Amino acid sequence: MSLTGEITKLVGKATELIDTFEAKEAEINQEVQAAVAAFPQTHKVFYVDAVNGDSNNSGDQEEPLLTIQDAVERTPINGSANINLLSNVILPPERYSLQNKSIQIYGHRAPGGKAKLKATVFEKDGYAYLSGWNTFGLNAGFMLRFVDIEFPTYTGELPGFNRYRSILGNFSGYVQTLSHFAISDAELIFPNENGFGLLACASGTGLVFLGNSIVDVNGNMSGRYVDGADASNPSNTTQLITNMATL
């Protein structure tokens, strides 16, 4: 074969190789895009409007959800969500489970720049319960910012169930839990008489209490707001970690 024929053959082989590479490159890119699309988005952003929202909405600002729980349920396990409140919210008389989900609730988009979260109290099986969440797993908890929290008045006579008399309580003393509860730019509103409920429960399994900034708690948080915490020396509470000198 002449030199010209050898060159022509070599060019043909190179062209064939390039065509094969480009075909494989397109196939690989398509498979990568499909894998990325199939991988769940672990962080979500939702909007909640207790006045104009709907549980079947998309959850964006133009189509807000009705309740905080709607947004929590749409948050993937081991994921997180920013939930923006567009109105004041009354927590229904229910206890929900919060497993391996990190929820951040913001109220700065509500009228006046701060939403109010009002808890309710209900009776069940001989105990009084506070509306809220039972946490379990190693990534469960709430951060609240620009949200005022109002505790209810209880007129009944039933004792409060230990773990479930707080907005964020432990699911069980026998389930491995590492929970967090952080608040900032908030006010805790507690009735002068017949006030019921606590902010968080530190007894049983461990609660990691991250912090408290620019918050009026009408006194320290131990006993009244954080169950099982030692206000005089938080380090005595072995299952509680906090960056506050005094609760």
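**Phe122**

I looked up Phe122 and found it in strand S7 (residues 121-124); strands here are DSSP runs of E with at least two residues, helices are runs of H or I with at least four residues, and both are numbered from the N terminus. The model is a predicted one, so I kept to its rules: local features need pLDDT of at least 70, side-chain atom pairs count only at pLDDT 80 or more, and totals for chains, interfaces and linings use all residues. Residues are numbered from 1 along each chain as its sequence is written, and side-chain values use heavy atoms, with hydrogens and water left out.

Is Phe122 buried or exposed? Phe122 is buried, at a relative accessible area of 14%; buried means under 20%, exposed over 50%, and partly exposed in between, with a 1.4 Å probe and protein chains only. I then listed its contacts (heavy atoms within 4.5 Å). Leaving out residues up to four places away in sequence, Phe122 touches Pro93, Glu94, Arg95, Tyr127, Ala128, Tyr129, Leu130 and Ser131. I also checked Pro92, which is 30 residues from Phe122 along the chain; their C-alpha atoms are separated by 9.3 Å.

**Aromatic pairs**

I searched the whole structure for aromatic pairs and got nine. The rule takes rings of Phe, Tyr and Trp (its six-membered ring) with centres within 6.5 Å; planes under 30 degrees apart count as stacked, over 60 as edge-to-face, and the rest as tilted. Tyr96 and Trp133 form a tilted pair, with 6.4 Å centre to centre and 35 degrees between the planes. Tyr96 lies in strand S4 (residues 95-99) and Trp133 in strand S9, so this pair ties together parts that are 37 residues apart in sequence. Tyr96 is partly exposed at 23% relative accessible area, whereas Trp133 is buried at 3%. For Phe122 and Tyr129, the ring centres are 5.6 Å apart and the planes are at 15 degrees, so I logged the pair as stacked. Tyr129 counts as buried, at 9% relative accessibility. Ring pairs also link Phe122, Tyr127, Tyr129, Phe161 and Tyr164 into a cluster.

**Nonpolar core**

Next I looked up the nonpolar core, meaning a set of buried Ala, Val, Leu, Ile, Met, Phe, Trp, Tyr and Cys residues joined through side-chain atoms within 4.5 Å. Which residues touch the most other members of the largest core? Among its 38 residues, they are Ile68, Ile83, Leu85, Ile105 and Trp133. S9 gives the largest share of this core, four residues. I listed the contacts of Trp133, not counting residues up to four places away in sequence: Ile68, Gln69, Val72, Leu91, Arg95, Tyr96, Leu98, Phe142, Ile167, Leu168 and Gly169.

**Strand S10 and Asp148**

Asp148 is in strand S10 (residues 147-150). I noted that both faces of S10 are covered: Val147 and Ile149 are buried on one side, and Asp148 and Glu150 are buried on the other. Asp148 has a relative accessible area of 13%. Its contacts, not counting residues up to four places away in sequence, are Lys114, Ala115, Lys116, Leu117, Ala186, Glu187 and Ile189. S6 and S10 run parallel and are joined by four bridges; strands pair if DSSP finds at least two bridges between them. Glu150 is the bridge partner of Lys118 in S10.

**Salt bridges**

I counted three salt bridges, taking a side-chain nitrogen of Lys or Arg within 4 Å of a carboxyl oxygen of Asp or Glu.

- Lys114 and Asp148 meet at 3.5 Å, N to O. Lys114 lies in the loop between strand S5 (101-106) and strand S6 (115-118) and Asp148 in strand S10, so the pair ties together parts 34 residues apart in sequence. Lys114 is partly exposed at 32%.
- Lys116 and Glu150 meet at 3.4 Å, N to O. Lys116 lies in strand S6 and Glu150 in strand S10, so parts 34 residues apart in sequence are tied together. Lys116 is partly exposed at 32%, and Glu150 is buried at 19%.
- Arg145 and Asp185 have their closest N and O atoms 2.8 Å apart. Arg145 lies in strand S9 (residues 132-145) and Asp185 in strand S12 (residues 177-189), so this pair ties together parts 40 residues apart in sequence. Arg145 is partly exposed at 34%, and Asp185 is buried at 15%.

**Confidence**

Last, I looked up pLDDT, the predictor's confidence in each residue, from 0 to 100. The chain mean is 79, and 69% of the residues reach 70 or more.
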